[in-house]
Each structure stands twice: as C-alpha cells, then as structure tokens.
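Biologist: I would like to go through this model with you, starting with the contact between the chains. Could you take my questions one at a time?

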Amino acid sequence: MDSITVLMTSPMSDYLENQLKDRFNLVKLWTYSSKTDFFKHNSHSIRAIVGNTKIGADAELIDSLPELEIVSSYSVGLDKIDLRKCQEKGIRVTNTPDVLTDDVADVAMGLMLAVVRRVCECDRFVRRGLWPKGDFRLTNKFSGMQVGIVGLGRIGSAIAKRAEAFGCPISYYSRSEKPETNYKYFSNIIDLAVNCQILVVACALTEETHHIVNREVIDALGPEGILINIGRGSHIDEPELVSALLEGRLGGAGLDVFENEPEVPEQLFGLENVVLMPHVGSDTVETTDAMADLVIKNLEAHFLKKPLLTPVV
Amino acid sequence: MESIDVLMLCPMISYLEQELQRRYNVLKLWTAPEKSQFIKDHSATIRAIVGDGGHGADAEMIEALPRLEILSSNSVGVDKIDLKKCREKGIRVTYTPDVLNDEVADLAIGLILAVLRRLCASDRYVRSGKWKKGDFKLTTKFTGKTVGIIGLGRIGMAIAKRAEAFNCPICYFSRTEKPDTKYKYYPSVLELASNCQILVVACSLTAESRHIVNREVMNALGPKGVLINIGRGPHVDEPELVSALVEGRLGGAGLDVYEHEPEVPEELFSLENVVLLPHVGTATVETRKAMADLVVGNLEAHFSNKPLLTPLV
C-alpha cells in the first residue's frame with residue numbers, strides 16, 4: 001500500500017508516524033513552509049488524512065483534496081473535523097473510542113482527588129520546606145461527595161463507575177435519559193449543577209455544547225463546588241471560569257483542557273484551588289499505542305475494502 | 001465531671017480541645033516549661049490521657065501517673081503507646097478506627113494517580129509555561145495494573161474496593177490469610193512485591209512490620225514499580241528508598257509518611273516520579289471531627305461506667 005498517500009496533520013505520535021511510514025506514502029503537513037506549497041505538491045495524491053485534537057480536517061482542507069476518501073482521527077473527539085462536509089462528499093471518518101476511556105476517566109478521578117485533597121498544593125508545601133514550620137491545614141473529605149456528570153457516554157460512565165467505589169452519589173445530564181443506569185437524571189445542566197458538589201464535563205463538543213458551562217452554571221455550582229473538565233476547553237466559558245475562581249464564586253477546578261491550547265490563563269497560576277494539566281487525558285504509553293493501532297487498522301480496512309473498525313461517518 | 005484531670009499531650013483541633021475543656025480539667029503538656037516536672041506536679045490527679053498518632057504514652061509516663069485509668073488516642077495508629085504496660089496496669093486504651101478508613105484510602109488512590117499520571121509534575125509544567133514549547137511526556141496507565149496491599153485491614157480493604165473500580169487485580173500480604181476475600185494472598189512481602197506493579201503499605205506499625213519494605217522488597221518491585229506509603233514512615237527503610245529512587249531501581253513513590261516527620265529527605269525534592277504529602281491521610285474537617293467525637297465519647301463512656309465505644313485494650 002506504499003503507493004497510497006496519507007497526510008498526517010501534526011506531530012502526534014512517533015510510533016504512529018513510523019507505522020504509517022512503513023505502510024503508506026506519508027506526507028507530513030507541518031514540514032511544509034506554506035499552505036500553497038503543500039497543496040501544490042500533494043493535493044491530487046492524498047487519499048487519507050490522519051488528524052488529531054490540534055488539527056483535524058476542516059472544510060478548506062477537505063475541499064482542496066479531491067482524492068480524499070477517509071479521515072482517521074487519532075482522538076475520540078471529532079470537533080476538529082467537518083463531519084457534515086465528509087458526509088456530503090462520501091468521505092469516511094473513524095476515531096479512537098474505547099481504547100482511551102479508562103485513561104481519561106482515571107485523569108478525571110485524579111483531578112477530583114487532587115483538587116479536594118489538595119495533593120499538588122501539599123506536594124509544593126513539602127518541597128518548599130514548609131512542613132517543619134507547621135502542619136498543612138484540613139481539607140474536605142472526597143468520599144461521599146455528590147458527583148454530577150455532563151454527558152453519560154463511554155467516558156462519563158467510566159467516571160461514574162470509579163466514583164461510585166468512593167461512595168459518591170452519581171447524577172447526570174445528557175441529551176437523553178439513560179434508564180438502564182440507576183444514576184439520577186437531571187433534564188438540564190443548571191439543576192445538575194445545583195444538586196452536585198463536583199461537576200464533571202465529559203460530553204462531546206458540538207455546537208450545542210459550546211460554553212455549556214457558563215456563568216449561570218458556575219454560580220449554581222457555587223463557592224464550595226468544584227468543576228472538572230476532561231472534555232474540550234470550549235465546553236467552558238473560560239474568562240467566566242477565571243473570574244469565578246478569582247472572586248471565590250467557584251470553590252475549585254481541575255482542568256485538562258483549555259479554550260486556546262497550549263495557552264492557559266495566567267491568572268490561574270497563582271491559585272491553590274486549581275489543578276492544571278496539559279491535555280494529557282489519554283497520553284499514556286499504553287493508550288497512545290492502542291490509539292495508533294486503531295488508526296492504522298481503520299486505514300488498512302478501508303484500503304482493503306473491509307468493514308471499518310470504528311467508523312463515525 | 002469538671003473535677004477530672006485529663007492530660008492532653010499535644011495541640012489538636014480546637015473543636016476537640018473545646019469539647020474536652022467543657023467536660024474536664026484539661027492539662028496541656030506542651031505548654032509546660034518542663035514536661036516531666038509538670039507530670040510530677042499533677043501525678044496525683046491525672047486520670048486520663050489524650051494523645052494522637054505522634055504522641056503517646058511510654059512506660060515511663062505511665063509509671064509516673066498512678067491514677068491513670070484511660071488513654072484515649074486521637075488516631076488509629078497506636079505505635080507510640082506502650083500497650084503492654086497499659087495491659088499490665090489495667091489501663092484502658094481507645095483509638096479511632098473506621099471513621100478514617102475512607103479518607104486514608106482516598107488519599108492512597110490519589111497518590112497512585114498522582115504518581116502514575118504525573119499530576120503534580122504536569123501541573124508544574126503548565127504553571128511554568130513549558131506547555132507552550134512542547135507537549136508533556138507520556139505517562140503510564142493506572143487502570144488494570146496489579147495492586148499489592150500490605151495489610152488487608154479496614155484501610156487495606158477500602159483501598160482494594162476503590163482500586164477494583166479501576167479494574168486493578170488485587171493481591172495482598174497479611175499476618176493471616178483472609179479466606180472470605182477473593183484477593184490473591186502471598187505469604188511474604190517479597191513475593192507480593194515481585195507480583196504487583198503498585199505496592200501499598202496499609203498495615204499497622206509493630207516491631208515486626210518495622211522496615212517491612214526494605215531494599216530487597218524495593219528491588220523486587222523494580223524500576224517500573226511504584227511504592228505508596230500511607231502507613232507509618234518506619235514501615236519503609238527510608239535511606240534505601242531514597243537511593244532506590246535516585247538510582248532508578250524503583251519506578252516511583254507516593255508518600256504521606258516519613259521516618260522522622262516533619263523532616264523529608266531533600267534528595268526527593270527534585271524527583272518527578274515522587275509525590276510527597278505532609279501526613280494528611282486523615283486531615284479533613286469531617287474526619288477530624290468524627291475522630292474527636294470518638295475521643296470524647298470514649299472518655300465519657302469510661303467515666304460514666306458505660307462500655308467503651310472503640311477500645312483497643
């Protein structure tokens with residue numbers, strides 16, 4: 001299949017790059033100094049795109065590649081892909097669900113524990129040599145806190161399963177109620193925020209869920225409430241989040257994603273009640289390899305005219 | 001009961017101090033210019049001692065208090081109390097089991113996640129602005145890793161329950177096998193360490209369990225293994241731990257306790273694969289209040305000739 005040209009949109013995994021190079025004619029978007037240069041050399045040969053959370057396949061890119069047949073995303077999130085355009089043009093789209101569910105759920109739990117029990121703040125306290133001067137103050141208990149999940153999909157359910165083991169009552173808001181679970185459903189996100197102590201964003205980013213956590217939701221969560229975001233930065237109105245934290249209208253936040261990554265609002269750096277991570281939800285050796293394998297398998301299936309493993313379109 | 005003299009060994013939360021002062025004549029040992037003189041001065045009247053995990057009563061103190069009837073410890077760890085002498089002299093000893101199991105188990109899981117997924121290191125990475133220059137490195141998955149627990153008591157079981165929600169196979173070493181659990185038993189800590197990836201110390205500190213985690217055990221755990229200590233510092237041979245981490249013979253460590261608190265080996269401060277907490281296992285508002293209520297409740301029961309709530313001796 002090394003006559004098939006595949007476009008990789010940005011550096012995402014050395015392992016994936018090597019696997020693609022071994023099987024296909026690999027073109028790397030980031031090695032071109034200009035768009036024109038790139039399009040001049042490749043627009044008629046590219047039959048597949050491998051994108052990620054940074055650069056997917058927008059309308060402009062899709063329209064400029066007439067031979068494009070498939071977009072295989074190295075992510076589960078599809079917000080960087082123009083799905084409607086793909087549907088229109090009969091272009092297949094695959095993503096990497098399931099293989100990363102556990103890792104992202106683990107980070108969500110880690111963020112909850114780290115914020116409530118002040119793990120990073122305590123670690124700084126010890127490393128700065130402050131302990132001999134006096135004990136760290138008391139925090140709140142995590143076990144038993146009410147956890148509200150926005151989006152009870154694969155990742156949301158995995159988070160719920162883990163939080164239950166800590167005795168946390170689970171409630172959720174989702175596009176549709178899930179009667180097969182015994183978690184408490186709220187038909188809107190405000191009611192969910194009013195009724196939980198820790199709000200976790202775990203839904204897909206779509207037009208409807210852009211800024212789903214706004215000032216009103218943050219105020220409903222309140223000065224003792226904690227917001228955890230392992231979804232997408234744009235799920236939350238970031239400037240509102242920052243002012244809520246600075247003014248004490250929100251108790252704390254654990255964030256793995258931001259609106260303009262890798263930019264992170266610097267006002268957060270001085271806060272002890274936040275934990276900030278650089279979008280590492282699925283960034284373990286085990287999971288990134290599994291994601292890469294899924295991308296490759298989907299491409300191979302497509303070009304061998306076999307059923308795709310994890311198609312979205 | 002205002003005429004009863006109770007010796008308090010160290011400062012504790014003000015709630016406990018107030019509750020004791022409301023009921024008894026509280027003598028605060030730490031305010032005395034000379035402790036042994038203070039004890040001598042009050043030896044005719046002291047009928048109870050209130051200590052904590054770090055402050056107990058040794059043989060000398062017990063001998064110096066002929067009217068001592070009860071020692072109520074604000075802790076579940078009783079390694080600082082000469083239990084044998086208490087038994088000899090018919091002195092009752094109470095402690096605070098159960099109310100703190102969840103707390104400590106929560107922190108154990110928090111430490112595991114923080115070490116494996118580098119939560120604190122990532123947070124430092126973001127706050128230092130490094131994310132703008134490049135992504136954080138890959139970490140290793142927690143879900144599914146084998147967790148080995150030393151001591152399957154109340155806290156060990158609470159840890160196991162939580163780890164199971166992360167699909168972790170559980171194994172353990174304990175003084176006696178627990179046939180009513182489904183976890184895999186190993187007859188020695190060394191075998192346990194050779195067969196797990198995350199080793200958690202959750203047993204009580206006794207003469208037998210001192211340095212139960214020694215060089216051999218750490219080598220068996222290995223360069224990809226992680227040690228979590230939420231027991232007592234002396235469970236682990238600390239100088240050996242430091243050299244194992246510095247030399248890479250041990251993959252990582254999450255520590256809440258140390259051999260000479262509040263001193264922490266400074267060689268650990270520059271390591272990314274350790275998370276250091278200042279003995280905060282039970283340091284939540286909710287749990288400290290529940291512990292305090294038990295301390296007072298036990299004293300009240302004793303002085304009204306009722307059955308003790310949580311006697312150890």
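Modeller: A definition comes first: a salt bridge is counted when a side-chain nitrogen of Lys or Arg lies within 4 Å of a carboxyl oxygen of Asp or Glu. Please keep in mind that this is a predicted model.

Biologist: With that rule, how far apart are the closest N and O atoms of B:E103 and A:K141?

Modeller: They are 3.9 Å apart. B:E103 and A:K141 therefore form a salt bridge, since the cut-off is 4 Å.

Biologist: How many salt bridges are there between chain B and chain A?

Modeller: The count between these two chains is 10. Over all chains, the rule gives 45 salt bridges.

Biologist: Which three residues of chain B supply more of its buried area than any other three?

Modeller: Those are B:R117, B:R127 and B:W131, which supply 17% of the area that chain B buries against chain A.

Biologist: Let us turn to the fold of chain B. What is the strand order in the five-stranded sheet?

Modeller: The order is β2-β1-β3-β4-β5 in chain B, in an open sheet with parallel pairing. Strands β2 (25-28) and β5 (92-94) of chain B are the edges, each pairing on one side only. On average, neighbouring strands of this sheet are turned by 20° against each other, direction ignored.

Biologist: Which helices pack there?

Modeller: One of them is α1 (residues 14-23) of chain B, which packs on the sheet and touches β1, β2, β3 and β4 (70-74) of chain B. The direction of α1 makes about 135° with that of β2(B). Helix α2 (residues 35-42) of chain B lies across β1, β2 and β3 of chain B, at about 155° to β2(B).

Biologist: How many bridges join β1 to β3 in chain B?

Modeller: Four bridges join β1 (residues 5-8) to β3 (residues 46-52) of chain B, and the two strands run parallel. Within this pairing, B:L7 stands opposite B:I49.

Biologist: What about backbone geometry: which peptide bonds are cis?

Modeller: Among them is the bond joining A:E261 and A:P262, with omega about 0°. The bond from B:E261 to B:P262 is also cis, with omega near 0°. A:P262 is in the loop between β11 (252-255) and β12 (274-276) of chain A, and B:P262 is in the loop between β11 (252-255) and β12 of chain B.

Biologist: And what is the phi of A:R118?

Modeller: The phi of A:R118 is positive, about 55°, although this residue is not a glycine. A:R118 lies in the loop between α5 (101-116) and α6 (119-127) of chain A.

Conventions
Residues are numbered from 1 along each chain as its sequence is written. Chains are lettered from A and ligands numbered from 1 in the order in which they are written. This is a predicted model: local features need pLDDT of at least 70, side-chain atom pairs count only at pLDDT 80 or more; totals for chains, interfaces and linings use all residues. Side-chain values use heavy atoms; hydrogens and water are left out. Two strands pair if DSSP finds at least two bridges between them. Axes are lines fitted to C-alpha atoms, for helices over the stretch in contact, and angles run from 0 to 180 degrees between N-to-C directions. Contact means heavy atoms within 4.5 Å. Buried area is the accessible area (1.4 Å probe) that two parts lose on being put together, summed over both.
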